[in-house]
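Please brief me on this structure.

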Protein chains: 2
Amino acid sequence: MKLIDGKAVSAKVLEECRGEVQALKDQGISPGLAVVLVGEDPASQVYVGSKVRTCEELGIYSRKIVLSVDTTEDELLEVVRELNADSTINGILVQSPLPSQIDEAAIVRAIDPAKDVDGFHPENVAKLTLEDPTGFVACTPAGCMRLLAEYDIDTAGKEVVVVGRSMIVGKPMALLLVAKGADATVTIAHSRTKDLAAVCRRADIIIAAVGRPEMVTKEFVKPGAVVIDVGVNRVDDASKKRGYRLTGDVAFDEVAELSEAITPVPGGVGPMTIAMLMKNTLQAARQQCS
Amino acid sequence: MKLIDGKAVSAKVLEECRGEVQALKDQGISPGLAVVLVGEDPASQVYVGSKVRTCEELGIYSRKIVLSVDTTEDELLEVVRELNADSTINGILVQSPLPSQIDEAAIVRAIDPAKDVDGFHPENVAKLTLEDPTGFVACTPAGCMRLLAEYDIDTAGKEVVVVGRSMIVGKPMALLLVAKGADATVTIAHSRTKDLAAVCRRADIIIAAVGRPEMVTKEFVKPGAVVIDVGVNRVDDASKKRGYRLTGDVAFDEVAELSEAITPVPGGVGPMTIAMLMKNTLQAARQQCS
């Protein structure tokens, strides 16, 4: 069993980014990312903090905008419009989830697609579906693709089962894997799939993105399969000081024994997400300045 | 074996459309479709002819615009812009294929998404991916979904294999089938799939959309499967006066013996495509006038 080390690959991607930032600055371009946080959700604060910190480490200009939890949709739209018009900002990220008075889809649509480094705007979703490489690919699926590439895991002609059909992971993941060049035979499975274990056992590569702790057990995995675990779940654990532990969608210990290669949680897909966000921000800066 | 009669279902859909046209006219709305043909491709002439004729039969205003084969991209873009601005036109269809001097993607992007009754504009592609029902669904996959519904073929929890990953059939078909409500477990297979026959034999429902005559033979089909044949291929046939016969992607005779239900070619998916185009045109008229 090979452990797919997301921290190491993420560090490599960030090192590439450092070089790209320098190259952009040599051309007089200073890439910038704006991160908008509404409210005080602790997990969101952590995510936003790491995004801003990573920007700083790479020399990417970052602006953190924190709005109160009672911000209206119109107020947030106005902030987005200002960032769209701001030439020092190449990428805009509005941290999810948003308070219930705000329609998240309306906010996503309001972001200039050229600055939509999350890859959630319909125009970027369409570009992914239409295999147009000028779009931004959502960071988590892009990170999974990079992990596979770094470990020389060829997807062409392979059976891949994507468990989960969400707009932010499952569907873009399936579209990336079935696109020309990746060429996988892709099955999208989900909560309504009959005998999910049997469907997953067909897979040469399993992408687990359901958000259910340790749902993928050894019965789901063909010996020698590659397992990519996108899940990040909090499970109560009295033995931990904070009262919980983080676990993926995969029962790691029993699945690791069977698999050819597997991502841990934490330290697998997670670190890749921020790294791909930085990549997208630099792509945005290049495209806007060319 | 049950024959899935696309002509009969199409007639039913067109009858529904007739009622909807009347209801719109009662509200003072006169739906209109523009069909643009560039050049003199005989097959395209036939398709455009049937679209215009069907409009006439339903009382939908239609405008047929025929441009010479040496039309430039700019000239065609200008025609599209005029139709976008024309309030008597609710739907715009530019017949494919276009001559090589014209970038088809640029034309599709120029069509007002609200009038894109073919469902090819990126905005409608995104809406399909994001499961937003206000978009237009490409006519052929929409027609396949309707055929399944009319024959009470439930897709929830079923294993569906879509053979083909094109932007106009394979991918939208897969996205429709995996969406909430349809809930199928969907595999997208294609030319790079290993042992395509074995993959297809897993299917409760096969959607064949590859454009290779009679490629799906009985070795591809589990007894009792439902087979939807999207292919329309010309095969040389000296015994026919016109020198060819039309055949689907499925070896009909041998597959029909095994299957629970199957679409013939012609008379299966084909007639549904025009019927769904009429549906989309009426949806466009309703949405533009509401």
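Glu214(A) sits in the loop between β7 (205-208) and β8 of chain A; helices (H or I, at least four residues) and strands (E, at least two) are DSSP runs, numbered from the N terminus. Its phi is positive, about 55°, although Glu214(A) is not a glycine. This is a predicted model: local features need pLDDT of at least 70, side-chain atom pairs count only at pLDDT 80 or more, and totals for chains, interfaces and linings use all residues. Residues are numbered from 1 along each chain as its sequence is written, chains are lettered from A and ligands numbered from 1 in the order in which they are written, and side-chain values use heavy atoms, with hydrogens and water left out.

**Backbone**

- Glu214(A) counts as partly exposed because its relative accessibility is 32%; buried means under 20% relative accessible area, exposed over 50%, and partly exposed in between (1.4 Å probe, protein chains only).
- Asp152(B), also not a glycine, has a positive phi near 55°.
- Asp152(B) is located in the loop between α6 (139-150) and β5 (159-163) of chain B, and counts as exposed at 70% relative accessibility.
- The peptide bond between Ser96(A) and Pro97(A) is cis, with omega near 0°.
- Pro97(A) belongs to the loop between β4 (91-94) and α4 (104-110) of chain A.
- In chain B, a cis peptide bond links Ser96(B) to Pro97(B), with omega about 0°.
- Pro97(B) is in the loop between β4 (91-94) and α4 (104-110) of chain B.
- Most residues other than glycine have a negative phi, and most peptide bonds are trans.

**Chain arrangement**

- Chain B superposes on chain A by a rotation of 180° with 0.0 Å of shift along the axis, at an RMSD of 0.0 Å. That is the relation of a two-fold axis.
- The superposition is by least squares on the C-alpha atoms of residues with pLDDT of at least 70 in both copies.
- Thr187(B) comes closest to the rotation axis of the residues of chain B, at 2.0 Å (C-alpha).
- The copies meet through the same surface, because 97% of the interface residues of chain B are also interface residues in chain A.

**Salt bridges**

- The whole structure holds 36 salt bridges over all chains; a salt bridge is a side-chain nitrogen of Lys or Arg within 4 Å of a carboxyl oxygen of Asp or Glu.
- Glu150(A) pairs with Lys12(A) in a salt bridge, with the closest N and O atoms 2.8 Å apart.
- Glu150(A) lies in helix α6 (residues 139-150) of chain A and Lys12(A) in helix α1 (residues 6-26) of chain A, so the pair ties together parts 138 residues apart in sequence.
- Glu150(A) is partly exposed at 25% relative accessibility, and Lys12(A) is partly exposed at 42%.
- Glu159(A) and Arg202(B) form a salt bridge through their side chains (2.9 Å, N to O).
- That pair joins two chains, because Glu159(A) lies in strand β5 (residues 159-163) of chain A and Arg202(B) in the loop between α8 (196-201) and β7 (205-208) of chain B.
- Glu159(A) is buried at 13% relative accessible area, and Arg202(B) is buried at 18%.
- Lys222(B) meets Asp204(B) in a salt bridge (2.8 Å, N to O).
- Lys222(B) lies in the loop between β7 and β8 (226-229) of chain B and Asp204(B) in the loop between α8 and β7 of chain B, so the pair ties together parts 18 residues apart in sequence.
- Lys222(B) is partly exposed at 28% relative accessibility, and Asp204(B) is partly exposed with a relative accessible area of 24%.
- Salt bridges that share partners link Lys12(A), Glu16(A), Glu20(A), Arg146(A), Glu150(A), Lys279(A) and Arg286(A) into one network.

**Core**

- The largest nonpolar core has 104 residues; such a core is a set of buried Ala, Val, Leu, Ile, Met, Phe, Trp, Tyr and Cys residues joined through side-chain atoms within 4.5 Å.
- Those with the most contacts inside it are Leu177(A), Ile207(A), Met278(A), Leu177(B), Ile207(B) and Met278(B).
- Leaving aside neighbours within four places in sequence, Met278(A) is in contact with residues including Leu14(A), Leu33(A), Lys51(A) and Ile60(A); contact means heavy atoms within 4.5 Å.

**Exposed loop residue**

- Gln27(B) lies in the loop between α1 (6-26) and β2 (32-38) of chain B, and counts as exposed at 58% relative accessibility.
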